[in-house]
2 protein chains.
Amino acid sequence: MEYNDKQIAIMDAAEKLFADNGFSGTSVRDIAEAAGVNLAMISYYFGSKEKLMEAMFRYRGDFMRLKLESILLNSNLTPLQKVDKLIDEYIERIFNKQCFHKVMLREQMVDNTGPIAEQITQLKATNQALFKQLIHEGQRKGDFKKGLDVPFLMMTLVGTTSQLLTSQKYYRALNNLQEMKNEEFEKHIKKKLSAYLKNLFKAILTYEA
Amino acid sequence: MEYNDKQIAIMDAAEKLFADNGFSGTSVRDIAEAAGVNLAMISYYFGSKEKLMEAMFRYRGDFMRLKLESILLNSNLTPLQKVDKLIDEYIERIFNKQCFHKVMLREQMVDNTGPIAEQITQLKATNQALFKQLIHEGQRKGDFKKGLDVPFLMMTLVGTTSQLLTSQKYYRALNNLQEMKNEEFEKHIKKKLSAYLKNLFKAILTYEA
DNA sequence: CAAAACTAAACAAACGTTTAATTAAATCAA
DNA sequence: TTGATTTAATTAAACGTTTGTTTAGTTTTG
């Protein structure tokens, strides 16, 4: 599907507003104003507010899919180095599209069936399969220990990152980082998160009780 | 603050609906119907929908605070055993009040100031301080390694649990647990999560690179 | 019999969507 | 290239609902 500039402007504006105020907390008038288009253009291009959201998920869904083929196939890297690369790839992707990620986190909670739930399921399935492949490779080579629970490892990766993302302001407040500029702060936490997760996964994957 | 039966019924109904559909996605008419009270009673007792939410946070806020005093002071337990108990205490608390926890997760994302943000800040501060105390004790005794990042450890605990909680249906779908009954499923994942997190924290806290 | 609890109805404001009219862009025969 | 004609884009206004809240009146309680 191809989108013109105006359609993209609408989706970008909606993404930001949905992330901050939720789907129901955002009116189509808010979106129209933020996107700088006439109110009626949203129905004109997307049919409805709901279908705009669905279009957004189709538009962004692809981007959120981890691209690990080159990493997985690179035989110069140890399994642990590949996990490190996966972590960085994941962090980069989430922070690059934090608004959409927040929208997804919200949407996960609602008990709906339909195209959006379908998109989320497929995304999770793909990412989990890639992650699983990597873990199993490490286990075959004897670098990682046996009995690892891939879905739960995934939850730690996703959950820790999401927690940092959604509670940024509380992290700032509780750790006296209020004065730091937004851009600097984001760099700071990305770097910290990366180092933290790499160390954490090294520990879980190799630690023997 | 004391609440009568009807007020509690309203807060319980609101909690469930806010968790599933969000604050804006829930109408006061929905709440009134679910609680079995007249629409006007919500304004009558709480003043407004917004203030109902604030009352809910005051009502539930206390419950969400970790109660670790007895654990912390128990000198028969090793620091690692205390962490295990903290994990179970945390899981129990979150699963006992999953609806409210979901409401909190949603509310964290919105960029508001006011009594709710204040409540969340205090809750996080308290829990983080308790956790910190435990970690430092373990480090003093030489059981835990140095250089641990307490806020990030907290994010892993909170994030992994939240991720499991908010994406239960996806976890079921991706791991072929569709046929399992709700009650059985919840027991199952609680047990798995507990074992997983205990092993994970043992690894991070004691693993030396 | 006064205070509290409760109700059905009404309120204005905001909502998502549609309509009818206008402007801009594209198509195309001459 | 021109001017006519069709198609697409854009708009302000209006539509019917739903929203949160209030009112004015009734019932219940201490």
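UniProt, in an unreviewed entry, lists residues 27-46 of chain A as "DNA-binding region". UniProt positions follow the numbering used here, feature names are shortened, and annotations may be inferred rather than shown by experiment. The span 27-46 of chain A is 75% helix and 0% strand, with its end C-alpha atoms 15 Å apart. Helices here are DSSP runs of H or I with at least four residues, strands are runs of E with at least two, and both are numbered from the N terminus. The unreviewed entry also annotates residues 4-64 of chain A as "domain: HTH tetR-type". That span is 79% helix and 0% strand, and its end C-alpha atoms lie 21 Å apart.

This is a predicted model: local features need pLDDT of at least 70, side-chain atom pairs count only at pLDDT 80 or more, and totals for chains, interfaces and linings use all residues. Residues are numbered from 1 along each chain as its sequence is written, chains are lettered from A and ligands numbered from 1 in the order written, and side-chain values use heavy atoms, leaving out hydrogens and water.

Now the DNA. 16 residues surround DNA strand C, each with a heavy atom within 4 Å of it. Among the closest are Val28(A), Arg29(A) and Lys49(A).

For Asn38(B) the distance is 3.2 Å.

Notes
Polar contact = N/O pair within 3.5 Å; in protein donor to acceptor, adjacent residues only side chain to side chain.
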